[in-house]
Amino acid sequence: MTALGTVAVTPHASVDRSAGVTAPAGFRAAGVTAGIKPAGKPDLTVVVNDGPEYAAAGVFTTNKVKAAPVLWSQQVLTAGKLKAVVLNSGGANACTGPEGFQDTHRTAEELASILGVGAIEIGVCSTGLIGERLPMDKLLPGLSAAVGALGATAEHSLAAATAVMTTDNVPKQAVLTHEGGWSIGGFAKGAGMCAPNMATMLSVITTDAVLDQPHLDHALRNAVGKTFNRLDVDGGTSTNDTVLLLSSGASGVTVTPEEFEVALTALAADLVKQLQADAEGVTKHVSITVLNAATEAEAVAAAKVVAEDNLCKTAFFAGDPNWGRIAMAVGNAPTAFDPQLLDITLNGAAICVAGGKGVDRSEADLSGPEIDVVIDLHAGDASATVLTTDLSHAYVEENSAYSS
């Protein structure tokens, strides 16, 4: 389970995209239009845990510049419990100073008052343009509308996944139903500024399984490390990255930590594939696998250097099997290997063998949307896979126009 995309779901479970956070028992959700986005699109999501358990865990951005909602959610999660999460799109509430943190606190207090719970039981997430205060005159009334719209159907789940979108083209959600009588559901958003190190990447995952908070936290961190942290669209770790996991325990089924982690990792891996497929300007879905590195950390580091290299990414966009660019990038990675043993395979064609030319480049067909890069370092027995995308004209155009 070291490589993204190779996580095996047990025969007792299946993943599909028909629903998300409301699929597990004990959860309601809503997504509404509060007027935060000037375009009048859905921009406010609320997810409520009706219990009977309220264990929660979170993993957050490693960026030193953390948005106010990240700082708030990190604080409240020290208690290991959440009864609701509010997420807004249309503004990141990052780099907004003490006033921005006060806005986050006020948001949590308002939702807590409506629900009749404590503010320290409310997680807050935001996504959008950095550096601007949120329009609280629109956000706060929107909370009442969102609570009034709460429900537990598939439509409510889709609405919640839709209202967190920014430059995303489609909502992203998934559910894993275990035949043992419990399930995990979730949504995610993110299309650019996406190199999660837990972009603007947000995800809320719910489960009705019974599992204590320490094991819930451990499973989330391990799953994120194998999935969300193996996606690298453009090397930009956002100020707002957040993954929250809430457990209602409403199924009454106690699961083992090992069984739960396998299922959670499978669900997260599916959400990450959806994030990759909807990345900004994407025309190629690129999988970079590094084999036989000295350590897994070195395998990840080498794959990420290739994923973030603009020369490699433009070659992927062109469908150009320019393995020299890949070799160059790997050589810049903090990874120990003998360059005279380096092998590179593109879509099954061994175009670099033992550090030199392999088969003719024409044998590497990169004309389709899927590109599979396999780099063998012959330096150990560790491996890892990182997902990325190409660098296209559309990516440049979208990001150059984003703030307007």
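# Close-up views of a predicted model

**View 1. Strand β8 is largely enclosed by the rest of the structure, because eight of its eight residues are buried.** Buried means under 20% relative accessible area, exposed means over 50%, and partly exposed lies in between (1.4 Å probe, protein chains only). Helices (H or I, at least four residues) and strands (E, at least two) are DSSP runs, numbered from the N terminus. This is a predicted model, in which local features need pLDDT of at least 70 and side-chain atom pairs count only at pLDDT 80 or more, while totals for chains, interfaces and linings use all residues. Residues are numbered from 1 along each chain as its sequence is written, and side-chain values use heavy atoms, with hydrogens and water left out. In a regular strand the side chains alternate between the two faces of the sheet. On one side of β8 are W182, I184, G186 and A188, and on the other are S183, G185, F187 and K189; all are buried, and both faces are covered.

**View 2. Strand β8 pairs with β7 and with β9.** Two strands pair if DSSP finds at least two bridges between them. The pairing of β7 and β8 is antiparallel, over seven bridges. Strand β9 (residues 202-207) is joined to β8 by six bridges, and these two strands also run antiparallel.

**View 3. The side chains of K189 and D168 form a salt bridge.** A salt bridge is a side-chain nitrogen of Lys or Arg within 4 Å of a carboxyl oxygen of Asp or Glu. The closest N and O atoms of this pair are 4.0 Å apart. K189 lies in strand β8 (residues 182-189) and D168 in the loop between α4 (154-162) and β7 (172-178), so the bridge ties together parts that are 21 residues apart in sequence. K189 has a relative accessible area of 1% and is buried. D168 also counts as buried, at 6%.

**View 4. R230 and E296 meet in a salt bridge, at 2.6 Å from N to O.** R230 sits in the loop between α5 (213-226) and β10, and E296 in helix α7 (residues 296-308), so parts 66 residues apart in sequence are tied together. Are the two partners buried or exposed? R230 is buried, with a relative accessible area of 5%, whereas E296 counts as partly exposed at 31%.

**View 5. K81, K83 and E121 are linked in a network of salt bridges.** E121 counts as buried, at 11% relative accessibility. A search of the whole structure finds 11 salt bridges.

**View 6. L245 lies in strand β10 (residues 242-247).** L245 is buried, with a relative accessible area of 0%. Contact means heavy atoms within 4.5 Å. Which residues does L245 touch, leaving aside its neighbours within four places in sequence? They are A55, A56, A57, I205, T207, L216, L220, F260 and L264.

**View 7. The buried residues of α1 pack against β4 (56-60), α2, β6 and β10.** In α1, the residues A68, P69, V70, W72, S73 and V76 are buried.

**View 8. Six strands form an open sheet with mixed pairing, in the order β14-β13-β12-β15-β11-β16.** At the edges stand β14 (356-357) and β16 (382-389), each with a single partner strand, so one side of each is left without a neighbour in the sheet. Strands β11 (residues 285-293) and β15 (residues 370-376) run parallel and are joined by seven bridges. S287 stands opposite D372 in β15. Helix α6 (residues 257-277) packs on the sheet, where it touches β11 and β16, and its direction makes about 40° with that of β16. Axes are lines fitted to C-alpha atoms, for helices over the stretch in contact, and angles run from 0 to 180 degrees between N-to-C directions.
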